[in-house]
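Hi,

Here is the structure I promised to pass on. Have a look at it first, and my notes follow below.

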Amino acid sequence: MPSSHTVVYHGEVLHILFETSTDLSLFMPDGLHLPDPHRAFVKVQRMKMRSPDADRDPPAFNHYQQIGVATMATTPQFGPRHRNFLLWEDRHWAIGSTMAGAKRYGRIEMTQLFETERRLVEEDAPAPFRVDVEANGFMLMRFAGMLDGVARIERPPYGGFYVGGEPGTDLLALTLETSEFSRPLQGTGELSFGSAPNERATGPGTETPWPATLLKDIRTLGCVLEDFTFTRTFGSEFTTLKAG
């Protein structure tokens with residue numbers, strides 16, 4: 001890819017907010033502060049990329065599904081931003097990118113909500129919404145929900161990301177050019193995590209895959225599905241906060 005190029009991403013995202021008894025500060029590198037170390041969220045994204053390069057790619061290389069488990073972290077310089085501590089990708093080419101160190105492949109199944117169903121939800125007829133992540137026959141994450149239009153949560157602010165910071169790597173702030181959300185549909189449901197035999201409960205900051213089952217006593221607070229667009233300029237979006 002060129003050293004600096006701009007890509008527009010558009011699609012939809014489901015945010016699932018939850019509380020856990022696990023202290024999430026254990027997942028953070030030095031330099032990041034968590035305003036609430038027991039609150040996190042899942043981001044389920046179905047996205048398509050648009051750029052002069054991506055538009056020429058075969059379909060399998062310009063659209064993807066991604067699920068991130070994240071929390072809000074803060075620094076004095078940049079304030080609240082997302083910190084992904086685990087990401088599942090359904091495209092192998094996406095696993096080597098720079099959004100998190102704890103990436104792995106997962107087969108993602110996400111309900112497709114059509115415009116007819118959206119209108120029914122808006123007219124007080126709830127619609128079921130499910131998300132499943134599995135790898136080699138093992139369930140890694142499951143969400144069984146219902147979009148009912150009842151507001152229970154607010155979407156986490158989307159000002160950018162904190163990435164890196166593991167031993168030997170720089171802690172970076174990633175800034176997006178733009179981001180926009182629209183047409184929110186609220187709901188609720190049950191979130192659960194599983195594991196695969198090759199995942200070891202050694203925790204983040206190592207090269208060994210670790211299971212999301214390290215997160216204990218999950219209590220779902222609500223969810224919101226939205227249309228989503230953001231723009232990222234590769235090659236100029238990172239600021240170093242702490243050298244590794």
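One term before the rest: a nonpolar core here is a set of buried Ala, Val, Leu, Ile, Met, Phe, Trp, Tyr and Cys residues joined through side-chain atoms within 4.5 Å. Also keep in mind that this is a predicted model.

The largest such core has 43 residues, and the members that touch the most others are Val42, Trp88, Met141 and Phe193. Strand E7 (residues 127–135) supplies the largest share of this core, with five residues. If you click on Phe193, you'll find Val42, Trp88 and Met141 among its contacts, along with others including Phe18, Val69 and Ile218. Another core lies apart from that one; its 17 residues include Val13, Tyr64, Phe161 and Leu174.

Now the charged side chains.

- Arg46 and Glu12 meet at 2.4 Å, N to O. Arg46 sits in strand E2 (residues 39–50) and Glu12 in strand E1 (residues 5–19), 34 residues apart. Glu12 is buried, at 10% relative accessible area.
- Arg219 and Glu19 meet at 2.6 Å, N to O. Arg219 is in strand E12 (residues 219–234) and Glu19 in strand E1, so this pair ties together parts 200 residues apart in sequence. Arg219 is partly exposed at 48%, and Glu19 is partly exposed at 22%. Together with Arg39, these two form a salt-bridge network.
- Lys103 and Glu89 meet at 3.1 Å, N to O. They connect strand E5 (residues 103–105) with strand E4 (residues 79–89). Lys103 is buried at 11%, and Glu89 is buried at 1%.

Cheers

Note on methods:
Residues numbered from 1 in each chain as written. Predicted model: local features only at pLDDT ≥ 70, side-chain atom pairs only at ≥ 80, totals over all residues. Heavy atoms only, no water. Buried < 20%, exposed > 50% of the residue type's maximum accessible area, 1.4 Å probe, protein only. Helix = DSSP H or I, 4+ residues; strand = E, 2+ residues; numbered from the N terminus. Contact = heavy atoms within 4.5 Å. Salt bridge = Lys/Arg side-chain N within 4 Å of Asp/Glu carboxyl O. Lists of a residue's contacts leave out its neighbours within four places in sequence.
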